[in-house]
Amino acid sequence: MSTPRDDDALSWDGDDDPTLEVGHRPTAEPVTAPTVAPEPAVLPDGFTAVGKGSTTVGHIDADGTVTMPDAPTQMSNAMLVTLGILAGAYLLFTIGWIIGGLRLQGTAEFLVSPVGYAAALWLAVAAAPVWFLTVFVLTRAAKAWVRVLLLVGGLALLVPWPFILVGAVGR
């Protein structure tokens, strides 16, 4: 024989709510508001959007037409090839700093401490990849010619002089 629910050891006010019963399904679906696509943000003439999301803000022209910003463009094939060539040059410069620096190590340690020379050598080796990655990351939104100019400038600045002056073969 089963006992009524009021006689259960742990009964609380509200336990007789029918929605608490296992398997109970509500009879009516909840009403939700229709989803409306938000209107794109636009600014009138003379105003400029700044900050996060400012690249998606449109512009209202003088005649009342709305102009939305262009979608981000991909790099052209010529730019990809140029970046590949410059990346290869930076890799060769890194290898040149390693070879040239290690060839001068015995001679240079007479002038500076071995620890100081090793630190300077590995900073010089790391300079080329750090320059390339820094320019590549910081000029994502810049014009292509700015990126190429900074990368070519880095090549002029980071020439591996120990490799060029001493050479890979002799001293």
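What share of the 171 residues in the protein is buried? Buried residues make up 18% of them. The points below take the structure piece by piece.

1. **Confidence.** This is a predicted model. The average pLDDT of the protein is 81. A score of at least 70 is reached by 73% of the residues. Confidence is highest in helix α4, residues 144-157, with a mean of 95. Confidence is lowest in strand β3, residues 66-67, with a mean of 75. Keep both values in mind when you look at these two elements.

2. **Overall layout.** Count the elements and you get 5 helices and 3 strands. Their order along the sequence is β-β-β-α-α-α-α-α. Now consider contacts between residues at least 6 apart in sequence. Of these contacts, 53% join residues at least 24 apart.

3. **The sheet.** The 3 strands form an open sheet. Their order in the sheet is β1-β2-β3, and the pairing is mixed. Strand β1 covers 42-43. β1 and β3 stand at the edges and have a single partner strand each, so one side of each lacks a neighbour in the sheet.

4. **How β1 meets β2.** Strand β2 spans residues 58-60. β1 and β2 run parallel, and 2 bridges join them. Look for Leu43, whose bridge partner in β2 is His59.

5. **The α1 and α3 pair.** Helix α1 takes in residues 77-103, and helix α3 takes in residues 114-138. Their axes come within 9 Å of each other. The axes cross at roughly 175°. How does that angle classify the pair? Angles over 145 degrees count as roughly antiparallel. α1 and α3 are therefore roughly antiparallel to each other.

6. **What lines the contact.** By class, the contact has 18 nonpolar and 2 polar residues. It has no charged residues.

7. **Leu86.** This residue is found in helix α1. Is Leu86 buried or exposed? Its relative accessible area is 8%. The cut-off for buried is under 20%, so Leu86 is buried. Set aside residues up to four places away in sequence, and Leu86 touches Phe132, Leu151, Val152 and Leu155. Take Phe132 as an example. Leu86 and Phe132 are 46 residues apart in sequence. Their C-alpha atoms are 8.7 Å apart in space.

8. **Thr94.** Thr94 also has its place in helix α1. Its relative accessibility is 12%, and Thr94 counts as buried. Which residues does Thr94 contact, leaving aside neighbours within four places in sequence? They are Val125, Ala128 and Pro129.

9. **Val146.** Move on to helix α4, where Val146 has its place. Val146 has a relative accessible area of 23%. That makes Val146 partly exposed. Val146 and Val135 are 11 residues apart along the chain. A distance of 9.5 Å separates their C-alpha atoms.

Key. Residues are numbered from 1 along each chain as its sequence is written. This is a predicted model: local features need pLDDT of at least 70, side-chain atom pairs count only at pLDDT 80 or more; totals for chains, interfaces and linings use all residues. Side-chain values use heavy atoms; hydrogens and water are left out. pLDDT is the predictor's confidence in each residue, from 0 to 100. Helices (H or I, at least four residues) and strands (E, at least two) are DSSP runs, numbered from the N terminus. Axes are lines fitted to C-alpha atoms, for helices over the stretch in contact, and angles run from 0 to 180 degrees between N-to-C directions. Angles under 35 degrees count as roughly parallel, over 145 as roughly antiparallel, 65 to 115 as roughly perpendicular and the rest as oblique. Ala, Val, Leu, Ile, Met, Phe, Trp, Tyr, Cys and Pro count as nonpolar, Asp, Glu, Lys and Arg as charged, and the others, Gly among them, as polar. Two strands pair if DSSP finds at least two bridges between them. Buried means under 20% relative accessible area, exposed over 50%, partly exposed in between (1.4 Å probe, protein chains only). Contact means heavy atoms within 4.5 Å.
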